[in-house]
Amino acid sequence: MEFKAVCIDLEKTHRFDHKGLQLEVIQHPHSLRHVANLIVALQRMKPSHTPLGTEFSDDDLINIMLENVIEEHDTLKVLDTVHSKPSVFSNTTVEQCSVCDRDQKSLVLKESPLELQAVILQGGSIDLKVNLHLATYKSRTFTDSARRPVALSIAGRNLYLSCSKSAGSPILQLEEVKDRKMLKSINAEGDMGRFLFLRREQGFAATSLESLKFRGWFISTAVENKMPVEMCEEASPARFTTFSIKTL
C-alpha cells in the first residue's frame, strides 16, 4: 500500500517530499522534532524493510508514530516530576548589617511585647540600636536574579524574623531558634519557608525585603516614630518598605 500523504492535525502546515512520500504536517510547539524523528526512522528502515522505495505498510507507519507519542508522554512525565520538586534553599553566606529606614530610624528590640520598633536615636540612646545578621540562600530552582533569598536574625541573639498568616493577613514575628542548623537548608514549600525573605536592591540605599511565602508583602516601618516593624503591602502610603542596609 502506498501512502501519498500523512496529515497530523496540529496548527500550521508544512510539507516534506521524500522520494514519493509526501508528509503534510500541521505544526504546534515541539512537534517539528517529532516530524524529524519520523523522517529519520523512515530513512533507517529502507535497507531492511520489505516494501521498496516509499511503500510502507500500515503497521510500519503506525509503529513509527506510536514511538514518538510514547517518547513525548515519557518526556512530559519527567518534566512534571522535575517541576514538582520543592524549592530547597541552602545557606551560603552570613553578614552582619546595619539597617535604617528612609527617615533614618534605627531598629530597636523591645522585650515586652517582643517586637522590633523603628526609632530615631540620638546621643546616648544610639546603644539601643540592634543590627541584623543576613544569611543568604541559594536554590537551583530559584532563578530570579534581581532578588536574593535571605533569613534575618538579631545580631547576638537567637531571634529570627518570620512571616506567618494570622487572621487572614501576613504578620511579622520574632521567633527564637535554639538550633541554627535547622535553617541551614529550608524547604520553601514547607512551614520553615516563613523565615525566608527576598532582598532586592532598588537603587542607592533602597533595599526591600519581601516575604517569600507571601509575595507582595514587605517588611516595613511606619512614618511615625517608635512604632512596630510590620508586614505591609507595597502600595501602603503610610509605611516605608525600603531600607538602607550596610555591611559592617
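Author: Helices (H or I, at least four residues) and strands (E, at least two) are DSSP runs, numbered from the N terminus. The protein chain has two helices and 18 strands. This is a predicted model: local features need pLDDT of at least 70, side-chain atom pairs count only at pLDDT 80 or more, and totals for chains, interfaces and linings use all residues. Residues are numbered from 1 along each chain as its sequence is written, and side-chain values use heavy atoms, with hydrogens and water left out.

Start with burial. Buried means under 20% relative accessible area, exposed means over 50%, and partly exposed lies in between (1.4 Å probe, protein chains only). The protein chain has 248 residues, and 40% of them count as buried.

Now the core. A nonpolar core is a set of buried Ala, Val, Leu, Ile, Met, Phe, Trp, Tyr and Cys residues joined through side-chain atoms within 4.5 Å. The largest one has 25 residues. Leu116, Leu152, Ile154, Leu161, Phe197 and Ile219 have the most contacts inside it. Several strands each supply at least two residues of this core, among them strand 4 (88–101), strand 8 (148–154), strand 9 (159–166) and strand 14 (217–222). A second, separate core has 13 residues, including Phe89, Ala135, Tyr137 and Val177.

On a 1 Å grid over the protein atoms alone, a cavity is a set of points where a 1.4 Å probe fits but cannot get out; lining residues have an atom within 4 Å of a point. Grid points are joined across faces, edges and corners, and a volume is the space filled by probe spheres set on the points. The whole structure has two cavities of 30 Å³ or more. The largest cavity holds about 70 Å³ of space. Its lining includes Leu116, Leu152, Leu161 and Ile219. Those four are also among the residues with the most contacts inside the largest core. Val99, Leu107 and Phe243 are other lining residues.

Cys97 counts as buried because its relative accessibility is 0%. Cys163 is buried too, with a relative accessible area of 0%. A disulfide is a pair of cysteine sulfur atoms within 2.5 Å. The structure holds zero disulfides.

Finally, a contrast. Ile120 lies in the loop between strand 6 (114–119) and strand 7. Ile120 is partly exposed, because its relative accessible area is 43%. Contact means heavy atoms within 4.5 Å. Leaving aside neighbours within four places in sequence, Ile120 is in contact with Lys105 and Asn225.

Terms used. 1 Å grid on protein atoms, 1.4 Å probe; cavity = no way out; pocket = protein on both sides within 12 Å on 5 of 7 lines; lining within 4 Å.
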